[in-house]
Amino acid sequence: MSGRRRDLVVTGALWVVLVIVGVLVVRSVDLLPALRSEEGAEVDLAFNTLLLYSIPVFAFVLAVLLYSVVRWRVDEPETGDQIRDVPAFSWGWFLVSTALAGLIFVTPGLTGFFALQSAATEEPDLEVRLTGVQWHWDVEYPEAGVALEAPQEILLPADRRVRFELTSADVIHAFWVPAFRLKQDAIPGETTELIVTPTEVSSYDADPNVRLQCAELCGTGHARMYVPVRVVEPAEFEAWLTGAAMGMGGDGMDMGSDGMDMGGNAGHDEG
Amino acid sequence: MATATPQVERRLGASGLPFAARGLLWGLGGFVLGAAVVAIIRALAGVGAWRADQAIVVGFLFSVPAFVLGVGAWETWGRGWFGLETYEYDPPGWRRYFGFNLDHKVIGVQYLVTFLTVFILAGAVAMLMRTELMDPGRTVLGPASFTRFMSLHGFLMVLVAVTAVPGAFGNYVMPIMVGAEDMAFPRLNALSFWLWPPAILLLLASPLVGGWDTGWTGYPPLASVNNLGQIFYALAFVVGGLSSIVASVNFLTTIVKMRARGLTWGRLPIFVWAILLTGVLSLFFTQSVAVAVTMVTLDRIVGAAFFEPLLGGAPVLYQHIFWFYSHPAVYVMVLPSLGVMLEILPVFSRKPLFAYRWAVGGIIGISVLSGVVWAHHMFTVSALSNANAGFMLSTEAISVPTGLVFLSAVGTIWRGRLWMKVPMLFALAMVFNFLIGGITGVFLSDIPADYQLQDTYWVVAHFHYTIVGAGIFGLFAGIYYWFPKITGRMFDERLARVHFWMMFVGFNLTFLPMFWLGLNGMNRRIADYQPELAPVNLFVSLAGFFLGASFLVFLWNFVVSWKKGPPAGPNPWGARTLEWQTSSPPPKLNFEGIPEVVGDPYDFAPDAPRHAEIEVGGER
């Protein structure tokens, strides 16, 4: 085997080994935290697909780098092989990278995007209005006539399609529940929307990613502008909502504005 | 250009206060004058003489030209407008750096030292931030200070990333590489540098008025209602942007009109191509960000309401105008460094730059596409809008020309003879870092994945991998590569290797875990986080301190070697491009004769013709 051929074979073998190692690693380590919404499955699918595609690309460049550094390292300057271009390789690189870019645009890009778009056109089971305020969230369940100012917790029913209407009372905020995966800005003077179907009973205490976190820098209290979310069985949710609606008329069933300004709904004042 | 008599040259800045100090005095006078104009107009209008924000804006706009005149533009430039004789500021020794000097080599050093200083300061701010983030809850800064320091860190570092490499090496090295005696417009060149000190001093003073808390992006409505520091940010952006535009006119003209005989486009060193396209980007797009921040300033100081929703303004419009510049700007940050990388790889592989034409095509392709991708920063503004799909397409298309830069890099080292000197270590590290930065950017370009990743630490990790991993590593690659040329001395190789390994390991240990943090619910720009993320954040902070410490090693080496390093000789690396065909440092007009390019810049074959011949009085 000529030296030239051996270089190609060994680098190719190194590439294959790195790809296998890479695939094994991403299969055994779950990079993404627990998913708790139907729509978020598209996000995870896109992420995992891209992760898989990126392994051979990363491994290829890494293999060439590693092999070259080990194989052709010199201590004193020495003339290298005067190769200016290998047209077949350069064209191949260009065509493969163009094809890859086209592929990821179509899937997971467009396919995931269209799936999310069509999911958003289906009729929701529940409407929730959220207003971002420096630095807390106000929550309204308009169908039940319940409006809560800076509640300590947001309740949602499991397996029900929830349509959030988002706006802001001051600066730009953003809706993000990490366990649901979706993100949408809340913009003053506009109403934006987001549809999410929580898949299972869960709570902030069990999983800190079940929280409504402001994701757009909104000033000093931005970090603490989150409120725990609790996803409960639909029956429990209905009972709670009915109770809250009665509470709205009379005494203290509302979930309590505590007048926090810095600590957000979460209530840990860090002063 | 005016010629000065020797006596006048000695008089200009050779003794007494350096002109920079006089500039500060004049600038202060300009500020007082501008503020007084506002006060008089307001008093005449009967609305009360004093209003801080208006006084600061107009005062600063008066102080900038006053400062520039004071540092020597008056003698070298201003007097000519009144038919008076002009003088060139060119004192001997260190003083040459402290005034309106027209020599591109002096200006390159001014840029380098200024932005290294800013880099160190902004890095120190990052150390403070990582101290706060070492554990959850309040640590040292608290949320208000953290957000302001975060904004200051971000903006100062953006200025470093946009300016340091083209400012230092575009000015110092590029004209020599093309065989020119100087830049096309030396006075504009000096102007472009001297616009920076007022902008930087303003930013460093911003904590005195409470700073600002919108990050470097300055989104309204938050930017319309927060501290006065927001105005400092806007003014610095406008003045710095003006400097970028002035500098890019100069780069473009120099590259197009002043190349040596025989330096065809096909023989142009790749770094010069990178500076050329960087100049195009700055020239086309910078005014856009100046418009955006000016509109916010007008909202604040005269109630213009461009972005005030209650008065019919549109806050989201700002983001479009802002990113219309600021996405191309990220290529302004990395293209020059990629040029440095592709300049270094052939020299230390002793091989031609692989697929030169593809690499040039890649740089041009990146530049063209960079103008049509801006809204990928705004997918979550209206998450399911059809327009997002178009921006996903253009963004993913940009991976193709970016891939061509990688093609050229890996093709160059393949079958080379890799001489692992310090510039080469940095260039190879850039390939690795930028690979991670590029691939993780593809995730962000994908609309579904971006729903989770947008505004999280994934983004923080991604842009540090591109802008630090490529941009700032490229700055240091360039510093080590051209240090012997600029100073005439060699740096301490051992310390430089220590710096490299500390920086490379520290950088990766700091930013790699941030991808995981972003996926696991840590959003960006926060002073506090969920307690579950504490162990990884502690690790990131410690790695960050290690990364920070690497620059102390660098600084020591940089200062000591500049003063006492052994003489480097004209061409310690055995490179072929023109800057290595003259003495270190080069003479005032760069060459002893007139250079003529006769060969390829990267042809390392033993029998290859030289890249250039220097014609001295008719002899070669």
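The secondary structure of chain B comes to 20 helices and three strands. Chain A has four helices and twelve strands. Its radius of gyration is 26 Å, well over the 18 Å given by the globule rule for 271 residues, so chain A is more spread out than a compact globule. The model is predicted. Chain B and chain A bury about 7,800 Å² between them.

**Chain B: overall build**

- Along the principal axes, the C-alpha atoms of chain B fill a box of roughly 75 × 60 × 45 Å.
- Buried residues account for 67% of the 620 in chain B.
- Take the contacts in chain B between residues at least 6 apart in sequence: 79% of them join residues at least 24 apart.

**Chain B: surface and charge**

- Chain B carries 36 positive and 32 negative side chains.
- The centres of these two charge sets in chain B lie 6 Å apart.

**Chain A: overall build**

- The C-alpha trace of chain A spans about 90 × 45 × 35 Å along its principal axes.
- Of the 271 residues in chain A, 51% are buried.
- Among chain A contacts between residues at least 6 apart in sequence, 71% link residues at least 24 apart.

**Chain A: surface and charge**

- Chain A exposes about 11,800 Å², with 60% of that area supplied by carbon and sulfur atoms.
- Chain A has 17 positive and 39 negative charges.
- The mean positions of the positive and negative charges in chain A are 16 Å apart.

**Where the chains meet**

- The contact draws 93 residues from chain B and 92 residues from chain A.
- Of the area of about 7,800 Å² that the two chains bury between them, 67% is on carbon and sulfur atoms.
- On the chain B side, B:Trp414, B:Arg415 and B:Arg417 lose the most area to chain A.
- Together, these three residues make up 10% of what the chain B side buries.

**Close-up: B:Ser244**

- B:Ser244 is found in helix α10 of chain B, which covers residues 229-257.
- B:Ser244 counts as buried because its relative accessibility is 12%, and the cut-off for buried is under 20%.
- Neighbours within four places in sequence aside, B:Ser244 is in contact with B:Val162, B:Ser282 and B:Thr286.

**Close-up: B:His320**

- B:His320 has its place in helix α12 of chain B, residues 315-349.
- At 32% relative accessibility, B:His320 counts as partly exposed, since that class lies between the 20% and 50% cut-offs.
- Leaving out neighbours within four places in sequence, B:His320 is in contact with B:Trp374 and B:Met378.
- B:His320 and B:Met378 are 58 residues apart in sequence, but their C-alpha atoms are 8.3 Å apart in space.

Notes
Residues numbered from 1 in each chain as written. Chains lettered and ligands numbered in written order. Predicted model: local features only at pLDDT ≥ 70, side-chain atom pairs only at ≥ 80, totals over all residues. Heavy atoms only, no water. Helix = DSSP H or I, 4+ residues; strand = E, 2+ residues; numbered from the N terminus. Rg over C-alpha atoms; globule rule 2.2 N^0.38 Å. Buried < 20%, exposed > 50% of the residue type's maximum accessible area, 1.4 Å probe, protein only. Contact = heavy atoms within 4.5 Å. Areas by Shrake-Rupley, 256 points an atom, 1.4 Å probe, with all protein chains shown as cover. Lys, Arg positive; Asp, Glu negative; His and termini not counted. Charge placed at Lys NZ, Arg CZ, Asp CG, Glu CD. Buried area = accessible area lost by both parts, 1.4 Å probe.
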